[in-house]
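Open your viewer and get ready to select some side chains. We will walk through aromatic rings and the charges beside them.

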Amino acid sequence: MNDIQTITHVEEEERTRTGLSKDALKRAFSDNLFYVQARFKDVATAHDLYMAAAYTVRDRMLQRWVRTAKTYKKFNARTVCYLSAEYLLGPHLGNNLINLGIMDNARDAAAELGLDMETILDQEEEPGLGNGGLGRLAACFMDSLSTLQIPAIGYGIRYEFGIFDQEIQDGWQLEIPDLWLRNGNPWEIPRTKTRYPVKFGGRVEHYTDEGGAECIRWHPEFEINGVAYDTPILGFGVDNANLLRLWHAEASQSFDFHSFNHGDYYGAVNAKVAAENITKVLYPNDEPEVGKELRLKQQYFFVSCSLQDMIRLYLKNHTISSGLEHFNDKFAAQLNDTHPAIAIAELMRLLIDEHGLEWDAAWRTTQNTFAYTNHTLLPEALETWSIELFSRLLPRHLEIIFKINHRFLDEVRVRYPWDKDKIARMSIIGEDDGRCVRMAHLATVGCFAVNGVAEMHTELVKGTILNDFYELWPEKFHNVTNGVTPRRFVQLSNPGLDIILRELAGDRWATDLNNLRILEPLASDSGLQTRWREMKRLAKERLAKRILERTNIVVNPESLFDVQVKRIHEYKRQHLNMLHILTLYNIIKQSQNIDFQPRTFIFGGKAAPGYYMAKLIIKLINSVGEVINRDPQVNEHLRVVFYPDLNVKNAEPIYPAADLSEQISTAGKEASGTGNMKFSMNGALTIGTLDGANVEIRDEVGHENFFLFGLKEKEVVETMKNGYRPWEIYQNNLQLRDTISLINSGVFSHGDTELFKPLTDNLINHDPFLVLADYQSYIDCQSDVSDAYTDSPYWQRMSILNVSRMGKFSSDRSIRNYCDQIWKVNPVTVDATMD
């Protein structure tokens, strides 16, 4: 065993004392397994083994969690409250073993008990409490907040059904309910006494009390309760364990005896059903009006519970309500996109209506409490709610928003007295196509800070969607480039790479990725390159085995693994990737004895249930794969795989195995991206546009180690402004024309020439995301990729340099930036060994 992996005698004694030694883990596991079996059955199933392992690890975390709470309370620490409608946490067990520093001990303990740790880890249901990058970012930030010892609470929703499980039937996506709670969740602790009332609907009464003071009373139509479910989030290599508190909706009265006794059995439980629907499923389809209403209910529900909880915690140390004027001294609340933006109106309501603050004091406290992260440049993703819906569901909040807007527009008029267009643009209330509440505007007005999530994205936010606000308040705007946690996405996902990095950069490399710069002078070392190539080969073999199990497709680990796994959306341009594949297909079919670099194209991702074009792209990928993978003339050179049900768990073996990372969105459309960071951290090279965080990744890893193609953001804007004509590109590029004609020929649709017409017609006649404009540049760049891959030492050197220069993209760095620039929060060290 290498010296760096050797545990000293003193360290081993400490592990034994704290229950982290191999023998202690074995004893605790055996005890927990006894109770799990006694509770369920005589013979332990694989799931029983997982539950026993989870309880063993959870017990060791709870010690740290309790000590953390006591320490934070003792120091009355300023606390970050992260409000997010999504948390894509991934499986807990493996991550907690990494953060406790006992993965090796756990594996050894399992082996001595005749068990396989990988089989145990594979039993865990993933909590699908997020849709994509937004939820994964929130999870990474919670990990980093604990690791950096920053007092924090994450607030969100405990969805009974998370994002749907994806099955592929006849090439089409089929959505299946995500039953992540069916076997219980050993990581959460129900707090049945921590519950808060949440009101909806009704009317607002304005009256004057006996003393002549103006009073307001909200008479709601109905009221439900929010109940807390807590999960400890442990930091890496520290004793801090922060709190993730998710809210579950319950009826105030779950059973109506009067209705039941009169034979109305459905009516007897109607309140229970209506209440629980609010936290039933992640992101209901909001195309119909009832879907919009449910989504707004979800957002207000979790925000109201969270703010009531924060006020309760604050008042524990402040005996009079007037102390709430200093609420912002205790809490910095970060709004993760516009989903929690209703928090601004809700905190105003709570401070004024429930705790008696005057408007000016309440507004000052509110503005100094919240900060807002913008995550999108797509206008359709900037949330708005109709005035009709708002007045029906949250009448008091609409009054508050109207008053906020009235006062805000008076301020705007002072600065820009003659600019009616600017005043209309900046109003929180939109007047176009029906009156609505613009949540991004509410967030910007009601927060002390606004940040983008990549340097390019922040500049575009300041220059486009929030330009008027930036001109008014330039000091409000910041950039905090996103990051990802290397604990889950390298140490846990890629143990082969972790071993190399620990040997070269030390055991704690994952807490400061800048230490990996030590690899730079070794990038051309033949010994390291040999180990690097072997590490990648083993990862590709593991993924190839998974692909065979999941799809029944055989892939060649010696081929170049070309990977695009992310949400399926036209702006992410999976169809541009498909045009490249079909261009290669045509070349192979028309040539003989071609010398061709074999490639395996791996796709994965989910389409929104109501997004037909995205679903059609999934169908095209699978249909093309079906033909190519069975064509002996082609399948020695190309294989196409759609890896189903992409989530954190299923993506973990993909990142280490990728040779090429496809980050090919239209320039100016992606806010940041985090998949690009995960792939680069694992040694994949990137082919991409200058979009989102790609710009900064390219600057960090070196322009020569990044495959760049496509129009730049300003060129995209200019192209659209001048009247983009994709038809002319189609007509003038024979290779492109042949490729699109191949799609329309029926070769990939069993003779149905109409199946993919909506997709190809859209490209030829509209092409809103400039796929055809970037086609030739992409094809040429892919040729450069093939040439580079054939030179193995050159490719390995680029791969090593990518890993060594990814320090900027750790979520630890992101959190440090938030702490320094926005939250002004300091770390608090927890020592779990102290009484």
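Start with F477, which is buried at a relative accessible area of 10%; buried means under 20%, exposed over 50% and partly exposed in between, using a 1.4 Å probe and protein chains only. This is a predicted model, where local features need pLDDT of at least 70, side-chain atom pairs count only at pLDDT 80 or more, and totals for chains, interfaces and linings use all residues. Residues are numbered from 1 along each chain as its sequence is written, and side-chain values use heavy atoms, leaving out hydrogens and water.

Rings of Phe, Tyr and Trp (its six-membered ring) pair if their centres lie within 6.5 Å; planes under 30 degrees apart are stacked, over 60 edge-to-face, and the rest tilted.

Next, select K476 and W473: K476 lies over the face of W473, 3.9 Å from the ring centre. For a charge to sit over a ring, NZ of Lys or CZ of Arg must be within 6 Å of the ring centre and within 35 degrees of the ring normal. Then try K678, whose charged end sits over the ring of F489, 4.5 Å from its centre.

How many aromatic pairs does the structure hold? There are 21. One of them is Y82 with F141, edge-to-face at 5.9 Å centre to centre and 80° between the planes. Y82 is buried at 1%, and F141 is buried at 0%.
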